[in-house]
Amino acid sequence: MSGESGSTEHPRRSIAFQVLRKAYSSGPLSREGDAARSTVQRYVGFFFRGLVLLIALAMLLPLAYLIFRAGGVGWTEVLGLLGRTRMLAIMWNSLILVCGVTTLSLLLALPFAWLTERTDLPGWRIWTVLAMMPLVIPSYVGGYTLIAMFGPRGVLQEFLSPLGVERLPSIYGFTGALWVLTLFTYPYIFMSIRAALHRFDPSVEEAARSLGYNGLQTFLRVTIPNLRPAITAGGLLVALYTLSDFGAVSLLRFNSFTRAIYVQYLSSFDRNVASLLSLALIVFTIILLLLERNSRGKGRPRYYRSSAGVAAPRKRIELARRKWLALAFCGAVVMAALVLPTGVILYWLLRGLASGESLAPVWAATLNSFRAGALAAIAAAILGLPVAYAAVRMGGRLMSFAARAVYLGYGLPGIVIALSLVFLGANFAPWLYQTLWMLVFAYVVRFLPQAMGAMQISLLQMNPRLEEAGRSLGLGNRAVFRRITAPIVRPGVLAGMALVFLTTVKELPATLLLSPTGFSTLATQIWSATDEAFFTRAAAPALVLLAMSAFSIFLVLMQEEKEVVSG
Amino acid sequence: MPPGLHLQGISKQFGTGDASVLAVNDASLTVDRGEFVALLGPSGCGKTSTLRLIAGFERVDAGAIEIDGTLVAGDAVHVQPEKRRIGMVFQEYALFPHVSVLANIEFGLRRMTATDRTARTREILELTGLAGLEGRMPHELSGGQQQRVALARALAPNPALILLDEPFSNLDAGLRARVRAEVGEILHAAKTTAIFVTHDQEEALSLVDRVAVMLNGSIEQVASPHELYSRPATRSVAEFIGDANFLPGVAHGDTIECEIGILAARQQIKGPVDILLRPENVELLAAQPGLPAARVRHTLFFGHDQLITVQLPTGTFLTARLGPSDAYVPDLPLQVAVRSPVIAFPRSS
């Protein structure tokens with residue numbers, strides 16, 4: 001039985017409490033104290049806004065350089081460059097890739113999240129973990145496994161050649177890129193939808209059922225509209241990831257922006273073209289961000305529960321005979337996104353071990369990856385929280401500009417950030433250039449939005465009335481933050497840190513260009529081995545990367561369990 | 001005319017094996033069309049489960065449910081919630097947070113023509129006193145207003161049965177009495193059959209035509225509030241509804257012998273019994289010399305009345321509800337008398 005104990009005591013008690021507090025705090029003395037406190041608060045607020053703005057400006061640094069570079073190019077030159085680089089084709093490629101990956105990811109993530117969170121799918125806990133696991137596989141590793149499986153001289157070809165099959169259909173180009181990016185980015189949407197479903201009061205759906213809507217109609221008319229903020233947030237992450245992905249598209253030779261930029265940079269030594277292409281890519285990002293803002297409608301979404309009290313215990317929908325269909329769906333996704341790729345890696349690892357590969361360099365690379373990832377996660381938490389708070393709670397154009405500025409970093413491909421910082425470091429900060437701090441700064445510019453996304457979701461979850469309740473009980477701004485906001489937001493911060501750690505360890509292009517000399521990470525090892533077609537040498541670091549990322553996801557899940565138990 | 005709701009021996013078990021709980025145990029209930037019945041019981045007695053079985057959110061393990069003469073559950077039948085023509089008001093209101101008050105109310109009216117829908121919505125807005133608030137979003141409403149929107153949304157499609165799950169537990173005490181009266185009037189005006197789940201007996205006794213008392217998964221008694229209080233069917237019901245003293249005695253048909261004398265029994269009964277004495281049926285008289293006296297142990301003064309607890313010579317405690325005129329000091333010697341006839345229940349152990 002649920003919540004049958006009436007919550008009558010608490011309001012009454014708190015009213016009495018307020019009356020008492022008022023009685024004690026009246027009088028001239030405390031009024032002076034209030035005045036002094038509000039002055040202090042004003043300064044704190046001013047300082048806070050300044051801090052948020054400073055963080056945002058630092059995040060804008062690489063972009064500022066790009067504009068500065070591109071500004072040096074004349075208009076006629078620009079038109080000539082656009083003609084030569086087949087800009088329209090590149091744009092079109094990027095557009096269909098982003099649309100395709102986002103749509104397919106949603107088609108995988110939405111049913112998967114619903115099945116694991118709302119139905120009696122056998123083993124839903126395990127499926128939940130398995131559904132998120134593909135996040136641990138970086139897109140370039142995914143691309144490598146696809147090539148090693150279905151490509152020329154891949155596993156499949158090896159098995160089929162005795163049967164006389166000389167040639168498989170090519171997996172290079174759009175199909176391969178779409179396949180790889182969808183399978184390894186859909187968990188972003190899955191996680192965001194799952195979290196939203198978890199918060200969403202099932203009795204709202206039951207209300208629709210009682211009003212004559214069947215299961216499917218309820219899902220379409222009530223559940224989906226309420227999941228819209230989560231779908232948009234997750235979809236935006238996937239779209240931006242796809243737009244800035246470098247590893248998969250370059251391995252699979254699909255000419256989208258990032259590959260074109262890299263090719264330009266390598267072949268022509270003309271950074272102006274790379275800058276122009278990068279700016280075009282940034283325009284795309286801005287369009288995505290505007291779409292996201294419009295989809296939210298006017299004002300901020302306020303989808304937190306409209307009334308106080310505890311949610312009813314969840315009743316999972318019985319799948320009955322449809323269970324097999326559900327299991328087949330989940331199984332197919334996990335097979336394609338997890339089992340096959342790891343299987344291929346293991347296959348190459350065993351072949352490598354059989355031929356006497358050394359594992360010593362893997363250990364050093366693991367330590368390096370761990371250090372860089374941990375530093376980036378800590379930095380992202382410290383820098384992300386003030387901006388997330390300002391974005392959700394503080395009004396004003398300046399603060400919303402700050403949030404957008406931070407999000408822009410995600411649209412900057414790692415290769416562009418890296419190029420930008422290489423130049424900046426070499427010219428303006430030689431003491432920073434070729435240090436770990438420069439690399440961490442690049443990571444933070446890239447991945448701060450991930451931390452912020454998680455933080456903003458938990459801040460949105462927090463009813464502002466809770467803070468007001470704290471204020472009404474005599475807590476100051478800082479005390480409210482420490483005793484109310486922080487404990488509620490902490491899970492979001494930890495989730496954000498885990499995400500940053502995860503993506504940092506997987507990050508390729510910035511690591512490639514900004515690592516201090518001799519600083520070899522798991523990602524750079526895999527890259528160089530793949531680049532030289534040493535598939536066996538890429539297998540061991542890929543496996544370590546997988547294990548580390550898996551642990552990170554495990555931490556996030558544990559945190560959620562805690563929330564469920566204590567909530 | 002078939003009854004508005006008929007429950008025939010329904011049961012529901014949750015979980016399996018050692019962890020299983022029999023939430024509803026062979027519960028039966030008949031509610032007339034247009035009647036307003038409360039399902040009253042303590043926390044965990046199975047009343048919310050019963051409501052969810054009626055609504056169709058859970059499947060019955062045994063028994064049958066009929067709404068307006070139509071079998072909706074039982075005999076391998078399970079009609080989906082959306083086909084049962086019910087309206088439900090949830091404890092948390094469960095308003096759709098993404099749409100306005102108007103869209104919430106119109107949600108169940110999609111099969112109507114646009115003109116019918118507008119007319120019905122206006123009618124419901126008037127009935128529930130929500131006119132003028134239709135453009136608001138749910139989070140912009142007070143608790144009492146959200147409550148009325150939830151009720152309006154449930155009433156709008158003209159359901160055969162309205163189910164209310166602890167609808168007032170989220171309102172603060174000051175607001176509760178007013179909203180309760182409003183809801184009572186609205187449901188009365190709408191002439192809909194309604195079931196209302198609560199753990200608050202004052203709420204149940206003051207609002208409805210009949211009360212079904214549910215204890216440990218079973219419906220123990222269904223009666224008018226007056227009858228429930230004055231003629232409880234079982235000792236458990238007597239204990240649950242109102243204040244009760246129990247005095248051991250031995251029954252001899254029409255009379256019952258006990259510590260304070262021989263009392264007239266309301267019904268024929270024999271053997272060892274527990275006599276139910278409501279505090280207002282206990283009288284305190286001046287002590288008489290030569291007879292063993294009861295003594296005052298505890299007093300609670302409320303103004304319009306007072307509760308006096310006395311200890312009988314054998315050590316048993318009795319509580320009496322008296323007018324405010326006399327003052328009782330601790331240890332005051334007294335004689336105890338009781339208004340007859342009394343109700344007694346066979347002693348189980």
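In the predicted model, the C-alpha centres of domain 1 and domain 2 of chain B are separated by 39 Å. Domain 1 of chain B spans residues 5-239 and domain 2 of chain B spans residues 243-346. Contacts between the two domains involve 5 residues of domain 1 of chain B and 5 residues of domain 2 of chain B. Along the principal axes, the C-alpha atoms of chain B occupy a box of roughly 85 × 45 × 40 Å.

The secondary structure of chain B comprises 8 helices and 19 strands, whereas chain A contains 23 helices and 0 strands. Chain B has 349 residues, of which 42% are classed as buried. For chain A, with 567 residues, the buried fraction is 46%. Among the contacts in chain B with a sequence separation of 6 or more, 65% are between residues 24 or more positions apart. In chain A, 84% of the contacts between residues at least 6 apart in sequence join residues at least 24 apart.

The largest nonpolar core consists of 257 residues. The residues with the most contacts inside this core are Ile193(A), Ala376(A), Ala380(A), Val387(A), Ala442(A) and Val444(A) from chain A, together with Ile195(B) from chain B. Helix H18 of chain A, residues 436-461, supplies the largest share of the core, 17 residues. Because domain 1 (5-239) and domain 2 (243-346) of chain B both contribute residues to this core, the core lies between them. When neighbours within four places in sequence are left aside, Ile193(A) is in contact with Ala109(A), Leu110(A) and Ala113(A), and also with Leu227(A), Ala230(A), Ile231(A) and Gly234(A).

Packing between helices was examined for one pair in chain A. Two packed helices are described by the distance between their axes and by the angle between those axes. For helix H4 (residues 87-118) and helix H14 (residues 323-354) of chain A, the axes come within 11 Å and cross at roughly 125 degrees. The crossing of H4(A) and H14(A) is left-handed. On the side of H4(A), the contact is formed by Leu108(A), Pro111(A), Phe112(A) and Leu115(A). The partner residues on H14(A) are Ala326(A), Phe329(A), Cys330(A) and Val333(A).

Definitions and conventions
Residues numbered from 1 in each chain as written. Chains lettered and ligands numbered in written order. Predicted model: local features only at pLDDT ≥ 70, side-chain atom pairs only at ≥ 80, totals over all residues. Core = buried A, V, L, I, M, F, W, Y, C linked by C-beta atoms within 7 Å. Buried ≥ 20, exposed ≤ 12 C-beta atoms within 10 Å, placed from the backbone. Helix = DSSP H or I, 4+ residues; strand = E, 2+ residues; numbered from the N terminus. Domains from an automatic or database assignment. Contact = placed C-beta atoms within 7 Å. Axes fitted to C-alpha atoms, helices over the stretch in contact; angles between N-to-C directions. Left-handed = near helix turned anticlockwise from the far one by under 90°.
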